[in-house]
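Keep the structure open while reading.

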Amino acid sequence: MIPEVLLVAGRSGAGKSSVAFEVSAQWAREGLAHCLVDGDNLCAAYPKPASDPHGSALTEANLRAVWATYAAAGYRRLIYVNTVSVLERELVTRALGGRADVRGVLLTASARTVRDRLGPREIGSALREHLDRSAAAAELLERAAGPWVTRVPTDGRTVAEVARDVAGASGWAADRP
């Protein structure tokens, strides 16, 4: 059976993790089998190998291992969350065995919204650097994410509202096996 994948991407502060966990909770209540992987943890190592300075090979190898465990347990739907996940469609597909039905969602947020969300969780001098990285990621994602990616705005919306839009973009339904 071909795995189904929902990629959730967005700049820091767009709400990726919160929304993905809410989508997962909604689907759990509906009885829709799925698993959730936060890609940020798949290459959380320092220093990165000299041969893999950005951690892409680590990410792919770890996703392959995690997916193998989920697939062996009978799962075929994956929510994969990472800032640039919609730019890593091929990497994710390879890690899942070379074939997958992939949908992508890009969560968007204004600079003001991001500042309001990141401000309370960043302390000291790290906030400015984090905001700058978030802005650069937003520009890259908007420029490089293809037309197959659904854009979902998060400004002024609750996590549950955004999650409903994200879940709808997946095309997954509880009555499907």
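Two helices, H1 (16–30) and H6 (159–170), each supply at least two residues of the lining of the largest pocket. H1 gives the largest share of that lining, with four residues. The model is a predicted one.

**The pockets**

The largest pocket holds about 300 Å³ of space. Its lining counts 19 residues, and the closest to the pocket centre are Ala14, Gly15, Lys16, Ser18 and Arg121. By class, this lining has five nonpolar, eight polar and six charged residues.

The second largest pocket has a volume of about 200 Å³. Its lining is made of 13 residues. Nearest its centre lie Cys43, His54, Thr59, Asn82 and Glu88. Here the lining divides into four nonpolar, six polar and three charged residues.

**Helix H1 against helix H6**

The crossing is right-handed.

On the H1 side, the contact uses Ser18, Val19, Glu22, Val23, Gln26 and Trp27. On the H6 side, Val159, Ala160, Val162, Ala163, Arg164, Val166, Ala167 and Ser170 take part. By class, the contact has nine nonpolar, three polar and two charged residues. Ser18 of H1 belongs to this contact, and Ser18 is also one of the residues closest to the centre of the largest pocket.

**Helix H4 against helix H5**

H4 (residues 111–118) and H5 (residues 126–144) form another packed pair, at an angle of about 140°. Their axes lie 11 Å apart. The two helices are therefore oblique to each other. H4 passes H5 in a right-handed crossing.

H4 brings Val114, Arg115 and Leu118 to the contact. H5 brings Leu127, His130, Leu131 and Ser134. These residues divide into four nonpolar, two polar and one charged.

The table sets out the two pairs.

| Helix pair | Axis angle | Axis distance |
|---|---|---|
| H4 and H5 | about 140° | 11 Å |

**A cis peptide bond**

Most peptide bonds are trans. Which form does the bond from tyrosine 46 to proline 47 take, cis or trans? The bond is cis, with omega near -10°. Proline 47 is found in the loop between strand S2 (35–38) and helix H2 (56–72).

**In brief**

H1 lines the largest pocket with four residues and also meets H6 in a right-handed crossing. H4 and H5 cross with the right-handed sense too. The second largest pocket has Cys43 and His54 among the residues nearest its centre.

How values were computed
Residues are numbered from 1 along each chain as its sequence is written. This is a predicted model: local features need pLDDT of at least 70, side-chain atom pairs count only at pLDDT 80 or more; totals for chains, interfaces and linings use all residues. Side-chain values use heavy atoms; hydrogens and water are left out. Axes are lines fitted to C-alpha atoms, for helices over the stretch in contact, and angles run from 0 to 180 degrees between N-to-C directions. Angles under 35 degrees count as roughly parallel, over 145 as roughly antiparallel, 65 to 115 as roughly perpendicular and the rest as oblique. A crossing is left-handed if the near helix is turned anticlockwise from the far one by less than a right angle, and right-handed if clockwise. Contact means heavy atoms within 4.5 Å. Ala, Val, Leu, Ile, Met, Phe, Trp, Tyr, Cys and Pro count as nonpolar, Asp, Glu, Lys and Arg as charged, and the others, Gly among them, as polar. On a 1 Å grid over the protein atoms alone, a cavity is a set of points where a 1.4 Å probe fits but cannot get out, and a pocket is an open set with protein on both sides within 12 Å along at least five of seven lines; lining residues have an atom within 4 Å of a point. Grid points are joined across faces, edges and corners, and a volume is the space filled by probe spheres set on the points.
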